[in-house]
Amino acid sequence: MAACRPLQRLSFSTASPKIPDFAFAFDIDGVLVRSNDPLPNAPDALSFLQHQRIPFILLTNGGGKPEEERVADLTAKLKVPLDTTMFVQSHTPFADLDQYKDKTILVCGGDGDKCRYVAEKYGFKSVVIPGDIFCAYPEIWPFSTQFLPYYQPFARPLPKPILQDSPSDSLKIDAIFVYNDPRDWGLDATIILDILLSHKGILGTMSPRNGDIKAPNHGYLQDGQPPLFYSNPDLWWAAKYHLPRLGQGGFREAMEGLWTAVTGGPERNVELYKTLIGKPYRMTYEFAERRLNSHRKHLFSNQIDGEVPPLQKVYMVGDNPESDIRGANSYKSPLGTTWESILVRTGVYQNGEPAWSPKTIQPGVWEAVKWALDQNKARYELDLRKILSIPGAKMSQ
Ligand SMILES: [Mg+2]
């Protein structure tokens, strides 16, 4: 592989800006890896950018593991040194929600209780998962009793019991987070629905305001119930199976269906209030841009005198028109940075007219990098012939 031999550094001459004012944000699944395998030329593309000191971050709607674990995993797969400062998972922006860190939160999704550890690493002090509630009260969802042996090894005692006769002493949830794809949809949906229909988020209660046609939203979610956050809107994702698989967006749609069945839903003007983050939503792009700017500062502060010049352009390279491309196209940076989208054919998108039009469609990640460098070659005197040394990449020059 080309990454094994030294690459020649592109010339950032004195006549051109000393450091690049552009950067990359790469999606992971379907762009750099597919299931457990790196995609062709992905290690070379990242290695090349690192060698050229062109900054990039990885911006994924995936998650379910602590950032350190996922970065170590990707470093091994892609054979490129990465660190958590250049890595944003779907749930990483939850780390900024300080207002819930001293409260009791429900965290759903992921393998075992890995997402509990992720939340605790972010600083949330009292984290309950559906498995904790289920092990304490298996009758809450009788159809999962065969899964008790799965939950028991990692379930923790609840901070408070569920007391039917004494709600004021009962377990109260102050925010609901879906960190990753729920593994046990029935259990997670039941508990989330219970909390959304409760009085002030107290488990085991039912709000007396539910169904009050004179109240806003027919009384639903009008009684101090906690907010609901989803971290990843993707309906589909590219897994090992030859057809895309349902993602966290599938669970969210199922929750919407349940909500409609229980409350009457949109036909009765009853809404399920929620906050969505992850690509394509603004909060995630803002968070990613902050990460990218601090990464640039770290990378270049020793290289120049004074302030690192502002980031002018970010190339978002993704395989999913609905999340990667839509998000980059819609995002308006508060710092005036332009985001341009590049769609690749190695994941969810294969052919045809994409639902959201990118700036360009490229076969894979290396061609995407090459295209973006081409856009900047005049200002930076980039000698793209030197890039041609990477084998396997189909390039025209
Ligand atoms: Mg993807």
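Helix H6 (residues 185-196) and helix H7 (residues 248-263) pack at an angle of about 50°, with their axes 11 Å apart, where axes are lines fitted to C-alpha atoms over the stretch in contact and angles run from 0 to 180 degrees between N-to-C directions. H6 and H7 are therefore oblique to each other, since angles under 35 degrees count as roughly parallel, over 145 as roughly antiparallel, 65 to 115 as roughly perpendicular and the rest as oblique.

The contact, meaning heavy atoms within 4.5 Å, is made by the residues in this table.

| Helix | Residues in the contact |
|---|---|
| H6 | Trp-185, Asp-188, Ala-189, Ile-192, Leu-193, Leu-196 |
| H7 | Gly-250, Phe-251, Ala-254, Met-255, Leu-258, Trp-259, Val-262 |

This is a predicted model, in which local features need pLDDT of at least 70 and side-chain atom pairs count only at pLDDT 80 or more, while totals for chains, interfaces and linings use all residues. Residues are numbered from 1 along each chain as its sequence is written, and side-chain values use heavy atoms, with hydrogens and water left out.

Helix H1 (residues 42-51) is mostly covered, with eight of its 10 residues buried, that is, under 20% relative accessible area with a 1.4 Å probe and protein chains only.

Notes: Buried < 20%, exposed > 50% of the residue type's maximum accessible area, 1.4 Å probe, protein only. Helix = DSSP H or I, 4+ residues; strand = E, 2+ residues; numbered from the N terminus.
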